[in-house]
Amino acid sequence: MEKSRHRQQFAFSLLLSLWLPCCLAQTTPSNATERLKVRLSGYPRKHNEGRVELFYKGEWGTICDDDFSIANANVLCRQLGFVSGQGKRKIWLDNVLCSGGEKSIEFCKSRGWGNSDCTHDEDAGVVCKDERIPGFVDSNVIDVDENRIEEVRLRSVVAMSRKKLPVTEGVVEVKYKDGWAQICDLGWTIKNTHVVCGMLGFPHERKVNKNFYKLYLDRQKNHFHIHSVACTGTEIHLAACPLEYSKRNATFTCEGGMAAVVSCMPGPLFMQNNGLKKKPKISSTVRLKGGARLGEGRVEVLKDNEWGTVCDDRWNLQSASVVCRELGFGSAKEALTGARMGQGMGPIYMNEVKCLGQEKSIWNCPFKNITSEDCQHSEDAAVRCNLPYMGFENSIRLTGGRTRYEGRVELLSSDSNGTQSWGLVCGESWSTKEAMVACRQLGLGYANQGLQETWYWDSSNVTDMIMSGVKCTGNEMSLSQCQHHKTVSCQKAAAKFAAGVICSDTASDLVLHAPLVQQTVYIEDRPLHMLYCAAEEDCLSKSAAKANWPYGHRRLLRFSSQIHNIGRADFKPKAGRHSWIWHACHGHYHSMNIFTHYDLMNANGTKVAEGHKASFCLEDSDCQEGVSKRYECANFGDQGITVGCWDLYRHDIDCQWIDITDVRPGNYILQIVINPNNEVAESDFTNNAMKCNCKYDGHRIWLHNCHIGDAFSEEAERRFEKYPGQLNNQIP
């Protein structure tokens, strides 16, 4: 009965933070010459889950789940998780009891090595939070080392530089016990500096004036913990470099040397006014898409003026670091596989990328061109890059929310005397884009909602409005970088009208399938007597009101729309079903007043005709293999679009058109925008628009160059805008 209870407890997935201080480091190993290794096993499994296996006395074995608790998992967990499957190896440990602070699993109480009454259907496993500890080098096997370097910093010795962020130059220090220790610079090379700068979020290194620092450091008491560092320059962390530690409880004197000092070159996004005449450029042929934070996202590369993705076969930290550095960030913190930053929609250009780590661009790395059989977008590669520490999160907080992901936004400000205090943000004009920046600054992922009233989160005594008129593009790192009033001007200045946010680890991402629009376009002259419901829902141009109803017709530009959710969360209407509006004419509920805009524009960008479509039925029309439908409109069902599914609006349904009755023959641009008011939060709004070149001769219509708004290069987009139109229906 007792064993059954423990098994039931363990069956729950354990979502654990990888920032826990468990290094799986052994401090008094049973065999002083043998180092414990830990790995994940089991198939199929995700990268961050699996059966826990230990390497002991030359053999891999498992841990029995008897007494396995959250404290045990705190000690073991790096990237681990519970999956089905039985081990075929020795069971090394049973009845493991950890307090949670041990540095190694073998320091926890147990029945001893190899002493177990378990079978392999009781093997222990855990699911860990999908984020790595700094310094984690190998993708699976953890080679336990008590001296493991996890935290590295630059300590500035120049008074003025201490106040400026990011710190780009200073003494290299590593976290040691409860303090910081230095590195002896004997044998220190520029390659070591390259690795350290990459860890700290900088793409390049600079020469440093050692003589200046020597005068200062000679007067300081240093504790040298590391010496003889010999990086090759391609490592992504100092822990991966050959190096030596000082002996236990002994201080290495570093005779003939001094504490290692480095100077790093920040990327363009993090540069202050440092006197450089020419800022370094970042790559224009590589970009990151779909990430919540700066420096993370799905890797996309530009080829023949069209953006495409990279397949994750053999995707590793070296290749990811090349991408990060060419974009102006440091080395890669993580090389992500399995479309963990959402799926792309365009071509897949690269597979089995094999960078060595010193390349200037991913395009300089060996790779394979692929076919559709090799890879799918479910295998799109992504990265998380190391960024310089800017401290933006210290000047913002949320109060009053039920969880740390929601609440009223409060900002820290200083008066003329340097006194700091918290204040509120005016809720007027506050929208999803401002919320995106706030959540990014907080380090809480994507914005789920931006709220203009927060009376229900009134738990703080902060009442002063200190910022108003905030207008963000959505790409800023902090709210202070957004446009805002120089002097606070807020009509509703009461605290209950302060801005608030709800943040989320995941978000949806809607993309229109452009080729289908191009393939299905046609013109229909539809009799007025068949358009009463459409007129009621305002789907016709204004001139229709002056028509001689029910006689005559309207000329409609018709096409199908297939809207995919390629994000990592379901797309659901902002309004709950209690507030959906019933439309008796068509016999359905509207869950969003405006779901898509359909516009026909001339060369100057002026609308010559438009259509607007309410989301009268957001549902899963179909899904990719392995994904089940969740949303169906019938019988007042839940509305939404599941991740990996799409909603199809066929060309033959009402309002799936633009009324072009009054449009003259000519060359135009057809534009379709999904979620145009950003009413529902998404991870990426730049791909919500689709454009096509359009030729209308008064009788027939042709579309050409249909593409998502961010699918082309800037050069190709300029050519698209200048497109003269087709002379016939032959696509060149």
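Modeller: The buried residues of helix H7 are covered by elements that include strand S20 (396–400), S23 and strand S25 (500–504). The model is a predicted one.

Biologist: What makes H7 largely enclosed by the rest of the structure?

Modeller: Buried means under 20% relative accessible area. In H7, 10 of the 11 residues are buried, so the helix is largely enclosed by the rest of the structure. Among these buried residues are Glu434, Met436, Arg440 and Leu442. Just after H7, Gly443 adopts a positive phi of about 75°.

Biologist: How do you know that Arg155 and Glu173 form a salt bridge?

Modeller: The criterion is a side-chain nitrogen of Lys or Arg within 4 Å of a carboxyl oxygen of Asp or Glu. The closest N and O atoms of Arg155 and Glu173 are 2.7 Å apart, so the pair qualifies because that distance is within 4 Å. Arg155 belongs to strand S7 (residues 152–155) and Glu173 to strand S8 (residues 169–176), 18 residues apart, and the pair links distant parts of the chain. By this rule the count comes to 28 salt bridges.

Biologist: Why is Arg155 called partly exposed, and why is Glu173 called buried?

Modeller: Partly exposed lies between under 20% for buried and over 50% for exposed. Arg155 has 21% relative accessibility and therefore counts as partly exposed. Glu173, at 2%, counts as buried.

Biologist: Why does the pair of Arg287 and Asp710 count as a salt bridge?

Modeller: The N to O distance between the side chains of Arg287 and Asp710 is 3.8 Å, and the pair therefore meets the limit of within 4 Å. Arg287 lies in strand S14 (residues 286–290), whereas Asp710 lies in the loop between strand S39 (701–708) and helix H10 (714–721), so the pair ties together parts that are 423 residues apart in sequence.

Biologist: Which other residue forms a salt bridge with Asp710?

Modeller: Lys289 does, with its closest N and O atoms 2.7 Å from those of Asp710. Lys289 is in strand S14 and Asp710 in the loop between S39 and H10, so this pair ties together parts that are 421 residues apart in sequence. Salt bridges with shared partners join Arg287, Lys289, Arg298, Glu300, Asp684 and Asp710 into one network.

Biologist: Are Arg287, Lys289 and Asp710 buried or exposed?

Modeller: The limit for buried is under 20%. Arg287 has 15% relative accessibility and counts as buried. Asp710 is buried at 13%, and Lys289 is buried at 10%.

Biologist: What makes up the lining of the second largest pocket?

Modeller: The lining has 20 nonpolar, 17 polar and 12 charged residues. The pocket holds about 1,400 Å³ of space. Of its 49 lining residues, the closest to the centre are Leu288, Lys289, Asn475, Asp684 and Thr686. Elements giving two or more residues to this lining include S14, strand S15 (296–303), helix H7 (432–442) and strand S23 (446–451). S14 supplies the largest share, five residues.

Biologist: How do you know that Glu524 and Arg526 make a polar contact?

Modeller: A polar contact requires N or O atoms within 3.5 Å. The side chains of Glu524 and Arg526 are joined by a polar contact of 2.9 Å, which is therefore within that limit. Glu524 is found in strand S27 (residues 522–527). Leaving aside residues up to four places away in sequence, Glu524 touches Arg554, Arg555, Leu556 and Arg558.

Key. Residues numbered from 1 in each chain as written. Predicted model: local features only at pLDDT ≥ 70, side-chain atom pairs only at ≥ 80, totals over all residues. Heavy atoms only, no water. Helix = DSSP H or I, 4+ residues; strand = E, 2+ residues; numbered from the N terminus. Buried < 20%, exposed > 50% of the residue type's maximum accessible area, 1.4 Å probe, protein only. 1 Å grid on protein atoms, 1.4 Å probe; cavity = no way out; pocket = protein on both sides within 12 Å on 5 of 7 lines; lining within 4 Å. Points joined across faces, edges and corners; volume = space filled by probe spheres on them. Nonpolar A, V, L, I, M, F, W, Y, C, P; charged D, E, K, R; others polar. Polar contact = N/O pair within 3.5 Å; in protein donor to acceptor, adjacent residues only side chain to side chain. Contact = heavy atoms within 4.5 Å.
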